[in-house]
Each structure stands twice: as C-alpha cells, then as structure tokens.
Amino acid sequence: FKYNNQTIYRYGGYFLKGNERLTYKDLSKEFSMSDLGLAGYEKSRKYKTTSTVFRFVSLAAGVMAVSVAAKGQSRDLAYGLLAGQFVTMFIGMRYSTLSMQSVDRAIWQRNKDVLFPGR
C-alpha cells in the first residue's frame, strides 16, 4: 500500500505519486521526511538553473551570429559566435543531464526513507 500510494517515480517529464501527477516544481513539497533526498533535489535545482542560463546564452549567441552574418560584418566574428553557441548548448545539455540524474537519486533516497523509516 505504501509503495503504490506514497512512492514517486518519473514518467517522461512528469513525476507520479499514486494517481497524482507532479511537476518538477511540485517535488519540493515531497521531501519533508528525507533530508538526503531534499539535498539531492536542491542540487538538481542548481544544475537546472545553470543549464537554463547556458541555454539562453546559446540562443543569444545564435541570434547574434545570424545578425552579424546578415549585416555582412566580420565573418570570423560570426563563426566565433556560432562556435560559442554550440559550446554553450552542449554545456547546458550536460547540466540538464546532471539535474535529472540528481533528481532521480533524490527521489530514490526519498522513496527509501518513506518505505524504510529510521534506517
């Protein structure tokens, strides 16, 4: 009964707890009984924020590269901006992966604390 109704698992971009669908933001309320799980979730949030920043920088670099190329300005600058876009995009993807790995570990710890309290 506890397993079916109180544990959380990931289903694509959402998280399920029993019949309830949770978003990433909703998870913050679910770690009250698990200090280690909460620490993992907080780490995941930091990674997610860093990922978002790198993705916006990547988008800005791409827009600037197109703008520089359209105006016929320095070709080297346009290529440099494109290279910067790809580098920041890959860094953002890496931090996104780290975020999801951290939240998966946090959920595992939380579920363990729910199913086996006091261990």
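These legends describe close-up views of a predicted model.

**View 1**
Helix H3 covers residues 75-115, 41 residues in total. At 1.5 Å a residue, the helix should span 60 Å. At the start of H3, a side-chain oxygen of Ser-74 comes to within 3.4 Å of the backbone nitrogen of Asp-76.

**View 1. The salt bridge between Asp-104 and Arg-10.**
The model has 4 salt bridges by the rule applied here. One of them joins Asp-104 to Arg-10, with 2.5 Å between the closest N and O atoms. Asp-104 belongs to helix H3 and Arg-10 to strand S1 (residues 8-11), so this pair ties together parts 94 residues apart in sequence. Asp-104 has 30% relative accessibility and therefore counts as partly exposed. Arg-10, at 35%, also counts as partly exposed.

Arg-110 and Glu-30 form a salt bridge, their closest N and O atoms 3.4 Å apart. The pair links distant parts of the chain, 80 residues apart. Arg-110 sits in helix H3, while Glu-30 sits in the loop between strand S3 (20-22) and helix H2 (35-70). Arg-110 is buried, at a relative accessible area of 1%. Glu-30 is buried as well, at 11%. Lys-17 joins Glu-30 and Arg-110 in a network of salt bridges.

**View 4**
Glu-42 pairs with Arg-45 in a salt bridge, with the closest N and O atoms 3.6 Å apart. The two residues are 3 apart in helix H2, which means that about one helical turn separates them. In general, an α-helix has 3.6 residues a turn, so residues three or four places apart point the same way. Glu-42 is partly exposed, with a relative accessible area of 33%. Arg-45 is partly exposed too, at 38%.

**View 2. The largest nonpolar core.**
This core has 10 residues. They are Ile-8, Phe-15, Leu-22, Tyr-24, Leu-27, Phe-31, Tyr-41, Val-103, Ala-106 and Ile-107. Helix H3 gives the most to the core, with 3 residues. What does Tyr-41 contact, leaving aside its neighbours within four places in sequence? Its partners are Tyr-24, Lys-25, Leu-27, Ser-28, Phe-31, Val-103 and Ala-106.

**View 3. Phe-31 stacked with Tyr-41.**
The structure holds 4 aromatic pairs. In one, the rings of Phe-31 and Tyr-41 have centres 5.4 Å apart and planes at 25°, so the pair is stacked. Phe-31 lies in the loop between S3 and H2, and Tyr-41 lies in helix H2, so the pair ties together parts 10 residues apart in sequence. Both Phe-31 and Tyr-41 are buried. With Tyr-24, these two residues form one aromatic cluster.

**View 4. Tyr-47 and Tyr-95, a tilted pair between helices.**
The aromatic pair of Tyr-47 and Tyr-95 is tilted. The ring centres are 5.9 Å apart, with 45° between the planes. Tyr-47 belongs to helix H2 and Tyr-95 to helix H3, so the pair ties together parts 48 residues apart in sequence. Tyr-47 counts as partly exposed, at 21% relative accessibility. Tyr-95 is partly exposed, with a relative accessible area of 27%.

Technical notes. Residues numbered from 1 in each chain as written. Predicted model: local features only at pLDDT ≥ 70, side-chain atom pairs only at ≥ 80, totals over all residues. Heavy atoms only, no water. Expected span 1.5 Å × (residues − 1). Polar contact = N/O pair within 3.5 Å; in protein donor to acceptor, adjacent residues only side chain to side chain. Salt bridge = Lys/Arg side-chain N within 4 Å of Asp/Glu carboxyl O. Buried < 20%, exposed > 50% of the residue type's maximum accessible area, 1.4 Å probe, protein only. Core = buried A, V, L, I, M, F, W, Y, C linked by side-chain atoms within 4.5 Å. Contact = heavy atoms within 4.5 Å. Phe/Tyr/Trp six-rings, centres within 6.5 Å; stacked < 30°, edge-to-face > 60°.
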